Structure formats: C-alpha cells, structure tokens
Amino acid sequence: MDALDAIRQRRSVRRYTDRPVSDEDVARVLRLALLAPTGHNAQAWSFVVVRDPDRRAKLAELVLRGAADYFAANRPIKDRTPEEHAEWAAGYADQALGTYRNVPVWIAALSVPRFHFPDEPMKERIERFSDDTSVSFALENLFVAARALDLGTTPTIFHWFQEDEFRELLKLPPELGVHYLTPLGYPEEFPVGLRPEVAKARRPWRTLVHDETWGNPRKEEAPAA
C-alpha cells in the first residue's frame, strides 16, 4: 500500500481475529518503526513483543481489567450504584474489547533513559520530553507500516491502570518508562471513516493550522479555476 494511503486508512482497530501474524511481518513493522527520528540520536526506546500464548492471555485479561477501570472512571454513573457501575464497566469492556483475547501479538513500547542533558534546570523536562516523543515517532511508523500490511493496531493505555502487574508480567525494571501498548493482528474488518460522534467532534484541519503567528488559522482555500 502506498504510504499516503496507509496514513489515510489507518484506524484504531478494536475487533480482531485469531489469524496468526508471520514472524517476517512482525520483524518488518518493528524495523520500520525503529527508522523513526530519535532525539539526540539516543534511541531511548525498546519494544517488548509478546507472542507466548499464556503471557498473551494474561496480558489481554490485564488490559480488559484496566479498560473496565477506565470506563468506570470516565463514563457517567447515571442511576447505578458504584457496584452496579463497576459491573457495567466490566461488561462494556468485554463487549467492546473482548476479541483482544484473540490477538496473536502484543507490542509494548517502552522509554529507556539513554540521553542525559547536562543543564540541571531543564534536565527533567528535556530528557523526558525527548524520550517520550521519540517513542511516539516510532509508534506512528509502526502503525502506518502495519496498516500497509493489512494489520490492525491501536494505541492503548488501559495497562496503565494495572501497571504493577503489567511490569511484573513483562519483567520490566523500574527505570523503564511504560508507554503505549498495541495489539497487532488481523481485524475482523477495518473501520471505514469515523464513528458519527467522533466525526461530529472532529475539528476541521485548517482550524488547527495557524499561518505565521498564533491567531491566524488557515483560510478556506479558493476552489480551483
């Protein structure tokens, strides 16, 4: 698939089949991911690839529990008791993301501190910003490469709600930063377009681009003559 088409057609996939992903394709998306720009050439990143069936199953359940915690915290409780709301959130997570149990590959992105800024007043800000954005650059490469190979991905943060267990499962030492996690697999189908509620809330791209200085959003382009 053309790179521009892969960018246009990349979508967050949340429904997966159990079709295996070849070792060659996993290696391909990882190599392309790691061609991304990296602050200070530090390569302050690593990926953990989870393919072992038992570990995959534990990771999927951990993500679903984290999703339940997320939905319980970020959805209106309405007329439910706290216990009923927690039960609803767990059911909703299973309904929306239950096929995560089918995912043949999980890829955990990590920030690995390797760059040390010498100026103490800006040290924490520059080092952490550089590390986190570099991992994000690599992930975007991974997402686009996966789409070009007809593989689905989605940036996931639900493991953050179970971080201690996540670290133990992947044997992560404390100095590593936990970043996004993504499933990698074949979708039931690729989403086309945006969900109506998302499309309605999405800002036109020109309103997000300011020419020369802030406060000058890009004007509507004149139609071609």
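Predicted model: local features only at pLDDT ≥ 70, side-chain atom pairs only at ≥ 80, totals over all residues.
Begin by selecting R15 and E188, which form a salt bridge whose closest N and O atoms are 3.6 Å apart. This pair links distant parts of the chain, since R15 sits in the loop between α1 (3-9) and α2 (23-33) while E188 sits in the loop between β3 (177-184) and α7 (196-201), 173 residues apart. R15 counts as partly exposed, with 34% relative accessibility, and E188 is also partly exposed, with a relative accessible area of 46%.

Select D150 and R147 next, where the two side chains meet in a salt bridge of 3.2 Å, N to O. Here R147 counts as buried because its relative accessibility is 7%, whereas D150 is partly exposed at 42%.

Now move to helix α6 (residues 163-170), which holds both R167 and E163, four residues apart, or about one turn of the helix. These two form a salt bridge, with the closest N and O atoms 2.9 Å apart; R167 is buried, with a relative accessible area of 15%, and E163 counts as partly exposed at 28% relative accessibility.

Finally, select D79, E83, E84 and E87, which form a negative surface patch. Within this group, E83 lies in helix α4 (residues 82-97) and counts as exposed because its relative accessibility of 61% is over 50%.

Notes:
Residues numbered from 1 in each chain as written. Heavy atoms only, no water. Patch = residues over 30% accessible without salt bridge, like charges linked within 9 Å, V, L, I, M, F, W, Y side chains within 5 Å. Areas by Shrake-Rupley, 256 points an atom, 1.4 Å probe, with all protein chains shown as cover. Salt bridge = Lys/Arg side-chain N within 4 Å of Asp/Glu carboxyl O. Lys, Arg positive; Asp, Glu negative; His and termini not counted. Charge placed at Lys NZ, Arg CZ, Asp CG, Glu CD. Helix = DSSP H or I, 4+ residues; strand = E, 2+ residues; numbered from the N terminus. Buried < 20%, exposed > 50% of the residue type's maximum accessible area, 1.4 Å probe, protein only.
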